[in-house]
Amino acid sequence: MSDEQPQRTSLTEPMAFMEAPGNPPRYKHRTDKPVRYFPIEDKESGAILGYVWAGDEDDAAAYEYCVSGGARAANEGGFWFSRLRSAKARGLLPSQALAELAADQDTEGKGRPLPGSLAEAPNADVVKALAKRS
């Protein structure tokens, strides 16, 4: 029997995220390619809670909450991310999902798409910056 301790290589190996098979399909949450987006309006106050954006080139889509909206805006993300995951599971392109979500004024969440507000941005970082300023 040896007095030597086994060497723990897991502490010295680089860590990498590997998505496990069987997880629900999701759009990527980052892109530096052009995106389209729309604001989410609070049904009660009319304030902007956040933005939903999407871009087909990188198969990306996400919800960005407005810092000024506080917990209400942050919590609204669960509703929009769920709808985006559902769209991805149905095989929709991000732009198709965005169009479907933008057209739905009868949402269950605290917010709804601001009618006629679909806009374009050079990338998702522009939308993220917009959410931080709002």
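In the predicted model, the largest nonpolar core comprises 17 residues, of which Y27, F38, I40, V52, Y63, W80 and L84 touch the most other members. Two or more residues each come from strand 1, strand 2 (48-55), strand 3 (60-65), helix 1 (70-89) and helix 2 (94-103). Helix 1 makes the greatest contribution, with five residues. Beyond four places in sequence, Y27 is in contact with D59, A60, A61, L84, A87, K88, L92, L93, P94 and A97. Another core, of 12 residues, lies apart from the largest one and includes Y37, Y51, A62 and V127.

V127 is also among the contacts of V35, a residue of strand 1 (residues 35-42). V35 is buried, because its relative accessibility of 2% falls under 20%. The C-alpha atoms of V35 and P122 are 6.3 Å apart, although 87 residues separate the two in sequence.

The salt bridges number seven. One of them joins R112 and E41, with an N to O distance of 3.3 Å. R112 belongs to strand 4 (residues 111-113) and E41 to strand 1, so this pair ties together parts 71 residues apart in sequence. R112 is partly exposed at 26% relative accessibility, whereas E41 is buried at 14%.

A salt bridge also forms between R72 and E44, whose closest N and O atoms are 3.5 Å apart. R72 lies in helix 1 and E44 in the loop between strand 1 and strand 2, 28 residues away. R72 is partly exposed, at 28% relative accessible area, while E44 is exposed, at 68%. Shared partners join D42, E44 and R72 into one salt-bridge network.

Notes:
Residues numbered from 1 in each chain as written. Predicted model: local features only at pLDDT ≥ 70, side-chain atom pairs only at ≥ 80, totals over all residues. Heavy atoms only, no water. Helix = DSSP H or I, 4+ residues; strand = E, 2+ residues; numbered from the N terminus. Buried < 20%, exposed > 50% of the residue type's maximum accessible area, 1.4 Å probe, protein only. Contact = heavy atoms within 4.5 Å. Core = buried A, V, L, I, M, F, W, Y, C linked by side-chain atoms within 4.5 Å. Salt bridge = Lys/Arg side-chain N within 4 Å of Asp/Glu carboxyl O.
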